[in-house]
Amino acid sequence: MSETIKFHFDVDGQDFSSAGEASVVVKKKLRQLGFSPDVIRKVSIAMYEGEINMVIHANGGTADVEVDDDDITIVLTDNGPGIPDLDLAMQEGYSTARENIRALGFGAGMGLPNMKKYSDYMDVKTEIGVGTTITMKVNL
């Protein structure tokens, strides 16, 4: 593959039923492009967790994916409240999700830890009252 392939998605923060649609589309495209099941799984899980976090905590956002010869880059951007304590948020099981969200089966506190676990690189830039941008890479 000599040219970069790009995908852009708007993540609807009002609709849990559509959360994860972008990761499903990317999964299908990566399969069509012939990527290994391991790479597809890592990208799909990392991206899905990010989409769910944007719906739960940030009223949506955008997801951008770039596929090139060396890696797959996922950039998730929202205009949410920001993450007050990133170190705490990175701990498995820590969640600020409201009870009604947890009752739906979301908000178990595994989003950011799973994003880190299933990517080869992850950077989080967050500012209170401004939003969060998460960049992840899966090496090829």
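1. Strand 4 (residues 121-127) and strand 5 (residues 131-139) run antiparallel and are joined by 7 bridges. Strands here are DSSP E runs of at least two residues, numbered from the N terminus, and two of them pair if DSSP finds at least two bridges between them. Within this pairing, D123 sits opposite T135 of strand 5.

2. A word on provenance: this is a predicted model, where local features need pLDDT of at least 70, side-chain atom pairs count only at pLDDT 80 or more, and totals for chains, interfaces and linings use all residues. Numbering starts from 1 along each chain as its sequence is written, and side-chain values use heavy atoms, with hydrogens and water left out.

3. Back to the hairpin: 3 residues lie between strand 4 and strand 5, and G129 in the turn has a positive phi of about 80 degrees.

4. On its other pairing, strand 5 meets strand 3 (residues 71-78) in the antiparallel sense over 8 bridges. Look for T73 opposite K137 of strand 5.

5. Zooming out, the 5 strands make an open sheet in the order 1-2-3-5-4, with antiparallel pairing. Strand 1 (5-12) and strand 4 are the edge strands, each pairing on one side only.

6. Finally, the charge: K27, K28, K29 and R31 gather in a positive patch on the surface. Patch members have over 30% relative accessible area and no salt bridge, with like charges joined within 9 Å; a salt bridge is a Lys or Arg side-chain nitrogen within 4 Å of an Asp or Glu carboxyl oxygen. Areas come from the Shrake-Rupley method with a 1.4 Å probe. K28 belongs to helix 1 (residues 21-32), a helix being a DSSP run of H or I with at least four residues.

Key. Patch = residues over 30% accessible without salt bridge, like charges linked within 9 Å, V, L, I, M, F, W, Y side chains within 5 Å. Lys, Arg positive; Asp, Glu negative; His and termini not counted. Charge placed at Lys NZ, Arg CZ, Asp CG, Glu CD.
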